[in-house]
Amino acid sequence: MKIVVTAKRVPDTTEVKTDPVTGTLIRKGVPHIINPDDVHACEAALQIKEQFPGTEVNIMTMGQADAGIKQHELLGMGADHAYLLNDRFFGGADTLVCSRTLAAGIKKLGDVDLVLCGHQAIDGDTAQVGPEIARRLGIPSVSCICGLQISDDGKTATVTRMLDDGTETLEVPLPALFTVSKEINEPRYMTIYNLVDSFSDPAKEVTIWNHEDIGLDQSVLGLKASPTQVVKTFTPAPKGAGEMIEGTPEEAAAALTAKLVEKHLIK
Amino acid sequence: MQLTDQQQLIQKLARQFAEKELTNDVLDETEATAVFPKEIQDKMAAVGFFGIKTPRQWGGAGADCVSYSLVMQEIAYRSAVASLYVSSPNSLSGGPLLTHGTKEQKEKYLRPVVEGKKILAFGLTEPGAGSDAGGMSTTAVDEGDYFVLNGRKTFITMAPLADWTIIFAKHDTGDKRHNITAFIVDMKAEGVSCGKPENKMGIIGCATSDIILENVKVPKDDVLGKPGHGLAIALGTLDVGRIGVASQALGVARRALDEAVAYAKERKEFGKPIAAFQGISFTIAEMATKLHAAELLVWDTCTLIDKKERCSDKAAMSKYLATEYCNWIVDRAVQIFGGYGYMKDYIVERLYRDARVFSLYEGTTEVQKIVISNSLLRSRK
């Protein structure tokens, strides 16, 4: 099988701090990581590789040149090849243009049986790019899966999708695209063997493609082609401390109503 | 300190591994039972920790000495005893096979050790011969088809767990300067037995014992290196091998510093955190400075080893400085913790005990000074 795993380099949001004066995010010096859900997608692909020896796991990333270094973490886990879509015309893309770019990269690879994406990226949290890629490739997609099983003939996948109130199991013909949630698996460690290979084996060298390589005109790329316009980003003001209301449900309800009335929120 | 991308990722792997596997529960259990879990050893082997710089040809990962040091530091940061399981196949026991083993010996003994299937120990020290390894009394007698070994080795790390041990023995070669030979001894061979595991101060979880050899027959195929040249093999192994101990010391020292910093900010006396007092904050500054100096020295030595430059003196300096500083740093960490630092509930108590052996094993600090001074005084006219 030929699998593509999309992987994004994101700021480690657990390390991001807010400037107390301006209220904006301090991006300087924040370490970057591979988006955590994408690491789970890579693990899911590697498990399929164990089931079907000969499977090829390709990493596809759109980003700046130093994102290639992050791809080595997935090569270190055992992925076979890494592709970096890197071009100054790609900058500032919203999800619509991002999915256009990634889909073009995946098309160029060709004969892909399965695309696995992280459910969402921790910086944007849109969860849109995966399904958008599927639409552009004309293949079915299922979002936020926590279970994945490929049939022995490699033609269909049985996936478990997470819903607000439970899970849903679906059978999907391949090729298809799934976005995976972190519940799906526990990512394996990198190994020193794979890491050394990823830096010394020419076959594992990161392949860099620009807009011409993937056959997209610069007019449909980047910030200018993106309909989404970010007007403002801000950090919400911290909420005041909450208050726990104790007592029986009846007493608590009475106390709550009294407080809401007091604040003129209800009459 | 410049690390390559590859070295940084190997460091990251080791840190992730240590944080996830070497949990407080696992480490408490190891202290209580003196047994380090086999599952974790297997996982270490799977990610390549047992053959970090061992060539691919023999099952290793083929990385470099800097990477080896980084892994040692990250593992020792969580657990000194765990790092011992990493250093042994990479250095003390695997080293002599890698440098002096025949192709057949490497295939038969080194590969399974690197793959984590077998354990190999290093048997040099004797009850009456420590720093003066040449004064050993274990003997090997050539009986034609095989050698017969008799004697007693002491303080042999992992002896009770080992499948094989490299034993150094006096061997009459007719040349008084070259009268020690190295042998690969099967621990299940007739006449081989282990003493009771020693009751140690620290690094609990890696059994150390005597090895008793009584008329042990060793096939000629299991002679390691040139007969009579065993002492050079032993000293050569210790030579660069001591960078592993220096790295252990760095890991433990960094942990002690981190613990001391966190505690000093949190613990209040006289109405403010103790970090606000210069008696404490200056100590922390000294700890950090010493640690950084030692880190740079160890890193520099590793890069020299990777460039295949001769650096016995630098390796000795690294071990001397890193282990002595480590002992000072863990001592100060306990001091900052005050009475709590003396209690087993606090990690610095264990760090203090674990660190003590670093300036003793694989050559005491005094032996390092002999190596350093000899390189200066003997090589210059």
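Here is a short chat about a predicted model and the terms used to describe it.

Guide: Local features here need pLDDT of at least 70, side-chain atom pairs count only at pLDDT 80 or more, and totals for chains, interfaces and linings use all residues. Residues are numbered from 1 along each chain as its sequence is written, while chains are lettered from A and ligands numbered from 1 in the order in which they are written.

Visitor: What makes E11 and E13 of chain A edge strands?

Guide: Strands (E) are DSSP runs of at least two residues, numbered from the N terminus, and helices (H or I) need at least four. Two strands pair if DSSP finds at least two bridges between them. The open sheet runs E11-E10-E9-E12-E8-E1-E6-E7-E13 in chain A, with mixed pairing. E11 (166-173) and E13 (207-209) each pair on one side only, so they are the edges.

Visitor: How do you know that E8 and E12 of chain A pair?

Guide: Five bridges join E8 (residues 114-118) to E12 (residues 176-180), and pairing asks for at least two, so they pair. The two strands run parallel, and A:Leu114 stands opposite A:Ala176.

Visitor: What makes a residue part of the contact between chains A and B?

Guide: Its C-beta atom, placed from the backbone, has to lie within 7 Å of one across the way. The contact takes 12 residues from chain A and 14 from chain B. H2 (67-77) and H5 (192-200) of chain A each supply at least two residues of chain A's side, and H5(A) gives the most, with five.

Key. Contact = placed C-beta atoms within 7 Å.
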